[in-house]
Amino acid sequence: MIGYSKANSVMKDKNGFWIISPSSLYGYTECQSCFWVDNHYKRAPMLPLLLNNAMDSILKHRYDLYRAQDTFPPEAKVLEKEGIQPFTDITVLNNWREHTTPLKIVNEDLGYILRGKVDDVLLEADGRFIPADYKSSGDAPKEDKQKYYRDQLTAYGFMLAHHGYTVSDRAYLFHYFVKDKTDPTIDVLFDSHIDLVKIDVASLETKLRDIVVLLNGSYPGHNPNCHKCAYYTGRGEKTNDLILF
Ligand SMILES: [Zn+2]
(Lines give C-alpha, C1' and ligand atoms only; values in the text may rest on other atoms or scores of the structure.)
Protein backbone atom coordinates (compact mmCIF):
# COMPACT_ATOMS: atom_id res chain seq x y z
CA MET A 1 0.00 0.00 0.00
CA ILE A 2 1.21 3.45 -0.72
CA GLY A 3 0.67 6.47 1.47
CA TYR A 4 -3.01 6.82 0.81
CA SER A 5 -5.79 5.87 3.18
CA LYS A 6 -8.98 4.06 2.32
CA ALA A 7 -11.62 6.62 1.58
CA ASN A 8 -14.43 7.43 -0.71
CA SER A 9 -13.57 9.46 -3.76
CA VAL A 10 -12.51 12.45 -1.77
CA MET A 11 -12.24 14.88 -4.65
CA LYS A 12 -15.99 14.75 -5.19
CA ASP A 13 -18.60 17.09 -3.76
CA LYS A 14 -21.86 15.94 -2.18
CA ASN A 15 -23.52 15.70 -5.62
CA GLY A 16 -20.78 13.41 -6.88
CA PHE A 17 -19.14 16.09 -9.05
CA TRP A 18 -15.38 15.95 -9.42
CA ILE A 19 -13.76 18.99 -7.84
CA ILE A 20 -10.92 20.12 -10.05
CA SER A 21 -8.55 22.92 -9.11
CA PRO A 22 -6.48 24.89 -11.63
CA SER A 23 -3.26 24.06 -9.78
CA SER A 24 -3.96 20.30 -9.94
CA LEU A 25 -4.19 20.24 -13.75
CA TYR A 26 -0.48 19.94 -14.40
CA GLY A 27 -0.65 16.65 -12.50
CA TYR A 28 -2.92 15.28 -15.23
CA THR A 29 -0.52 16.45 -17.94
CA GLU A 30 2.41 14.89 -16.07
CA CYS A 31 0.99 11.46 -15.20
CA GLN A 32 -2.61 10.31 -15.56
CA SER A 33 -2.03 7.34 -13.24
CA CYS A 34 -0.79 9.52 -10.36
CA PHE A 35 -3.56 12.04 -11.09
CA TRP A 36 -6.17 9.26 -10.84
CA VAL A 37 -4.72 8.15 -7.49
CA ASP A 38 -4.51 11.72 -6.17
CA ASN A 39 -8.20 12.20 -6.92
CA HIS A 40 -9.42 8.86 -5.55
CA TYR A 41 -7.54 8.52 -2.28
CA LYS A 42 -7.19 10.79 0.64
CA ARG A 43 -3.64 11.79 1.40
CA ALA A 44 -2.08 12.98 4.64
CA PRO A 45 -2.86 16.68 4.94
CA MET A 46 -0.10 19.00 3.84
CA LEU A 47 1.18 21.58 6.28
CA PRO A 48 0.13 25.02 5.13
CA LEU A 49 2.92 26.85 3.33
CA LEU A 50 2.81 29.82 5.67
CA LEU A 51 5.79 31.65 4.21
CA ASN A 52 4.36 31.36 0.70
CA ASN A 53 0.94 32.50 1.94
CA ALA A 54 2.53 35.51 3.66
CA MET A 55 4.39 36.39 0.48
CA ASP A 56 1.18 36.10 -1.58
CA SER A 57 -0.54 38.44 0.83
CA ILE A 58 2.33 40.96 0.64
CA LEU A 59 2.26 40.85 -3.16
CA LYS A 60 -1.52 41.34 -3.32
CA HIS A 61 -1.17 44.41 -1.13
CA ARG A 62 1.74 45.65 -3.21
CA TYR A 63 -0.10 45.29 -6.52
CA ASP A 64 -3.29 46.76 -5.02
CA LEU A 65 -1.41 49.82 -3.82
CA TYR A 66 -0.32 50.56 -7.38
CA ARG A 67 -3.65 49.36 -8.83
CA ALA A 68 -5.34 52.21 -6.97
CA GLN A 69 -3.16 54.57 -9.07
CA ASP A 70 -4.00 52.60 -12.23
CA THR A 71 -0.45 51.36 -12.59
CA PHE A 72 1.93 48.48 -11.68
CA PRO A 73 4.80 48.23 -9.18
CA PRO A 74 8.13 49.37 -10.74
CA GLU A 75 9.23 45.76 -11.44
CA ALA A 76 6.08 45.14 -13.52
CA LYS A 77 5.79 48.54 -15.15
CA VAL A 78 7.33 47.15 -18.35
CA LEU A 79 3.87 45.67 -19.08
CA GLU A 80 2.53 49.15 -19.71
CA LYS A 81 4.79 49.37 -22.77
CA GLU A 82 2.62 46.61 -24.23
CA GLY A 83 -0.54 48.54 -23.47
CA ILE A 84 -1.38 46.31 -20.51
CA GLN A 85 -3.20 47.86 -17.56
CA PRO A 86 -4.22 46.49 -14.17
CA PHE A 87 -7.82 45.35 -13.69
CA THR A 88 -9.04 47.99 -11.27
CA ASP A 89 -12.35 46.62 -9.97
CA ILE A 90 -10.91 45.62 -6.61
CA THR A 91 -14.27 44.39 -5.26
CA VAL A 92 -14.68 41.88 -8.08
CA LEU A 93 -10.99 40.90 -7.96
CA ASN A 94 -11.11 40.34 -4.21
CA ASN A 95 -14.11 38.04 -4.67
CA TRP A 96 -12.12 35.96 -7.14
CA ARG A 97 -9.25 35.84 -4.62
CA GLU A 98 -11.42 34.55 -1.79
CA HIS A 99 -11.72 30.93 -0.75
CA THR A 100 -15.51 31.29 -0.50
CA THR A 101 -16.12 33.15 -3.79
CA PRO A 102 -13.45 32.04 -6.26
CA LEU A 103 -13.75 31.72 -10.02
CA LYS A 104 -15.91 28.66 -10.58
CA ILE A 105 -17.61 26.57 -13.24
CA VAL A 106 -20.13 23.85 -12.48
CA ASN A 107 -20.58 21.47 -15.41
CA GLU A 108 -23.59 19.33 -14.56
CA ASP A 109 -23.52 17.39 -17.84
CA LEU A 110 -20.00 16.10 -17.36
CA GLY A 111 -20.11 16.21 -13.55
CA TYR A 112 -17.24 18.45 -12.55
CA ILE A 113 -16.64 21.67 -10.69
CA LEU A 114 -13.62 23.70 -11.70
CA ARG A 115 -12.79 26.27 -9.04
CA GLY A 116 -9.80 28.25 -7.90
CA LYS A 117 -8.63 31.56 -6.50
CA VAL A 118 -6.80 33.84 -8.92
CA ASP A 119 -4.03 36.16 -7.69
CA ASP A 120 -4.43 38.97 -10.18
CA VAL A 121 -6.04 40.01 -13.44
CA LEU A 122 -4.64 42.43 -16.03
CA LEU A 123 -6.22 43.97 -19.10
CA GLU A 124 -5.02 44.12 -22.70
CA ALA A 125 -5.29 47.49 -24.45
CA ASP A 126 -8.44 46.17 -26.16
CA GLY A 127 -9.97 45.12 -22.83
CA ARG A 128 -9.32 41.36 -22.98
CA PHE A 129 -8.62 39.76 -19.61
CA ILE A 130 -5.16 38.41 -18.72
CA PRO A 131 -4.86 36.04 -15.74
CA ALA A 132 -1.76 36.39 -13.56
CA ASP A 133 -0.27 34.46 -10.67
CA TYR A 134 2.36 35.40 -8.09
CA LYS A 135 5.06 32.80 -7.46
CA SER A 136 7.50 33.19 -4.61
CA SER A 137 10.50 30.95 -4.21
CA GLY A 138 14.00 30.65 -2.80
CA ASP A 139 15.50 30.49 -6.27
CA ALA A 140 15.19 32.28 -9.58
CA PRO A 141 12.75 30.48 -11.93
CA LYS A 142 14.31 27.92 -14.25
CA GLU A 143 14.00 28.31 -17.99
CA ASP A 144 11.13 25.87 -18.48
CA LYS A 145 9.28 26.61 -15.25
CA GLN A 146 6.30 28.15 -17.01
CA LYS A 147 5.24 24.74 -18.36
CA TYR A 148 4.19 23.76 -14.81
CA TYR A 149 1.78 26.68 -14.64
CA ARG A 150 0.35 26.84 -18.16
CA ASP A 151 -2.63 24.62 -17.29
CA GLN A 152 -3.31 26.59 -14.13
CA LEU A 153 -3.30 29.94 -15.94
CA THR A 154 -5.35 28.50 -18.81
CA ALA A 155 -7.95 27.37 -16.26
CA TYR A 156 -8.28 30.91 -14.87
CA GLY A 157 -8.75 32.18 -18.42
CA PHE A 158 -11.27 29.43 -19.14
CA MET A 159 -13.31 30.38 -16.07
CA LEU A 160 -13.17 34.09 -16.89
CA ALA A 161 -14.38 33.31 -20.42
CA HIS A 162 -17.17 31.20 -18.92
CA HIS A 163 -18.20 34.20 -16.83
CA GLY A 164 -18.62 36.20 -20.03
CA TYR A 165 -15.30 38.03 -20.22
CA THR A 166 -13.17 38.06 -23.36
CA VAL A 167 -9.81 36.52 -22.53
CA SER A 168 -6.34 37.09 -24.01
CA ASP A 169 -4.10 34.36 -25.40
CA ARG A 170 -1.45 35.23 -22.84
CA ALA A 171 -1.06 35.12 -19.09
CA TYR A 172 1.69 36.24 -16.72
CA LEU A 173 3.68 34.78 -13.85
CA PHE A 174 5.18 37.28 -11.42
CA HIS A 175 8.12 35.46 -9.84
CA TYR A 176 9.68 36.77 -6.65
CA PHE A 177 12.75 35.02 -5.31
CA VAL A 178 15.42 35.57 -2.67
CA LYS A 179 18.12 37.87 -4.00
CA ASP A 180 21.11 36.66 -1.99
CA LYS A 181 20.86 33.54 0.14
CA THR A 182 24.23 34.24 1.78
CA ASP A 183 23.11 37.62 3.15
CA PRO A 184 22.66 37.06 6.92
CA THR A 185 20.34 40.00 7.60
CA ILE A 186 16.70 39.26 8.44
CA ASP A 187 15.52 41.95 6.01
CA VAL A 188 15.47 39.49 3.15
CA LEU A 189 15.61 41.14 -0.25
CA PHE A 190 13.71 39.75 -3.21
CA ASP A 191 14.37 39.93 -6.89
CA SER A 192 11.66 39.51 -9.49
CA HIS A 193 11.08 38.18 -12.96
CA ILE A 194 8.02 38.33 -15.21
CA ASP A 195 7.19 35.34 -17.38
CA LEU A 196 4.82 35.48 -20.33
CA VAL A 197 2.84 32.25 -20.71
CA LYS A 198 0.84 31.56 -23.86
CA ILE A 199 -2.58 30.10 -23.10
CA ASP A 200 -5.21 28.51 -25.32
CA VAL A 201 -8.39 28.79 -23.30
CA ALA A 202 -10.54 26.82 -25.76
CA SER A 203 -8.23 23.79 -25.45
CA LEU A 204 -9.25 23.25 -21.84
CA GLU A 205 -12.77 22.15 -22.74
CA THR A 206 -11.48 18.88 -24.25
CA LYS A 207 -8.94 18.40 -21.50
CA LEU A 208 -11.59 18.68 -18.77
CA ARG A 209 -13.76 16.18 -20.63
CA ASP A 210 -10.81 13.76 -20.87
CA ILE A 211 -10.09 14.25 -17.18
CA VAL A 212 -13.64 13.34 -16.18
CA VAL A 213 -13.54 10.23 -18.42
CA LEU A 214 -10.25 9.22 -16.77
CA LEU A 215 -11.54 9.78 -13.23
CA ASN A 216 -14.83 7.95 -13.89
CA GLY A 217 -12.89 4.93 -15.12
CA SER A 218 -10.84 2.44 -13.16
CA TYR A 219 -7.17 2.89 -12.29
CA PRO A 220 -5.32 3.23 -15.64
CA GLY A 221 -2.35 1.18 -14.46
CA HIS A 222 1.26 1.93 -13.66
CA ASN A 223 2.84 4.45 -16.02
CA PRO A 224 6.35 3.22 -16.93
CA ASN A 225 7.43 6.75 -17.86
CA CYS A 226 6.55 8.25 -14.47
CA HIS A 227 9.15 8.53 -11.70
CA LYS A 228 6.47 8.70 -9.03
CA CYS A 229 4.74 5.51 -10.30
CA ALA A 230 8.20 3.85 -10.52
CA TYR A 231 8.98 4.99 -6.98
CA TYR A 232 5.94 3.24 -5.55
CA THR A 233 6.67 0.08 -7.53
CA GLY A 234 10.30 0.25 -6.40
CA ARG A 235 9.17 0.17 -2.79
CA GLY A 236 7.55 -3.18 -3.51
CA GLU A 237 4.08 -1.75 -3.45
CA LYS A 238 2.17 -3.36 -6.26
CA THR A 239 0.30 -0.56 -7.93
CA ASN A 240 -2.58 -2.95 -8.62
CA ASP A 241 -3.25 -3.00 -4.87
CA LEU A 242 -4.68 0.44 -5.31
CA ILE A 243 -7.91 -0.90 -6.73
CA LEU A 244 -8.20 -3.62 -4.13
CA PHE A 245 -8.61 -1.37 -1.06
ZN1 LIG B 1 2.69 8.38 -12.09
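How many of the 13 residues of H5 are buried? In this predicted model, 10 of the 13 are buried, so helix H5 is largely enclosed by the rest of the structure. A residue is termed buried if 20 or more other C-beta atoms lie within 10 Å of its own, exposed if 12 or fewer, and partly exposed in between, with C-beta atoms placed from the backbone. Because the model is predicted, local features need pLDDT of at least 70 and side-chain atom pairs count only at pLDDT 80 or more, whereas totals for chains, interfaces and linings use all residues. Residues are numbered from 1 along each chain as its sequence is written.

Helices (H or I, at least four residues) and strands (E, at least two) are DSSP runs, numbered from the N terminus. Helix H5 comprises residues 150-162, and its buried residues are Asp151, Gln152, Leu153, Thr154, Ala155, Tyr156, Gly157, Phe158, Met159 and Leu160. From first to last C-alpha, H5 reaches 18 Å, close to the 18 Å expected at 1.5 Å a residue; the expected span is 1.5 Å times one less than the number of residues. Just after H5, Gly164 adopts a positive phi of about 100°.

Helix H5 lies across E5 and E6, running at about 75° to E5. Axes are lines fitted to C-alpha atoms, for helices over the stretch in contact, and angles run from 0 to 180 degrees between N-to-C directions. Contact between two residues requires that their C-beta atoms, placed from the backbone, lie within 7 Å.

Strands E5 and E6 belong to an open sheet of three strands, ordered E2-E6-E5, with mixed pairing. Strand E2 (18-20) and strand E5 (103-107) each have a single partner strand and stand at the edges, so one side of each is left without a neighbour in the sheet. The twist from one strand to the next averages 15°. Two strands pair if DSSP finds at least two bridges between them; E2 and strand E6 (residues 112-116) run parallel and are joined by three bridges. The bridge partner of Ile19 in E6 is Ile113.

Thr71 is placed in the loop between helix H3 (50-67) and strand E4 (85-86). Thr71 counts as partly exposed because it has 15 C-beta neighbours inside 10 Å. Residues up to four places away in sequence being excluded, Thr71 touches Tyr66 and Lys77. The C-alpha atoms of Thr71 and Phe87, 16 residues apart along the chain, are separated by 9.6 Å.
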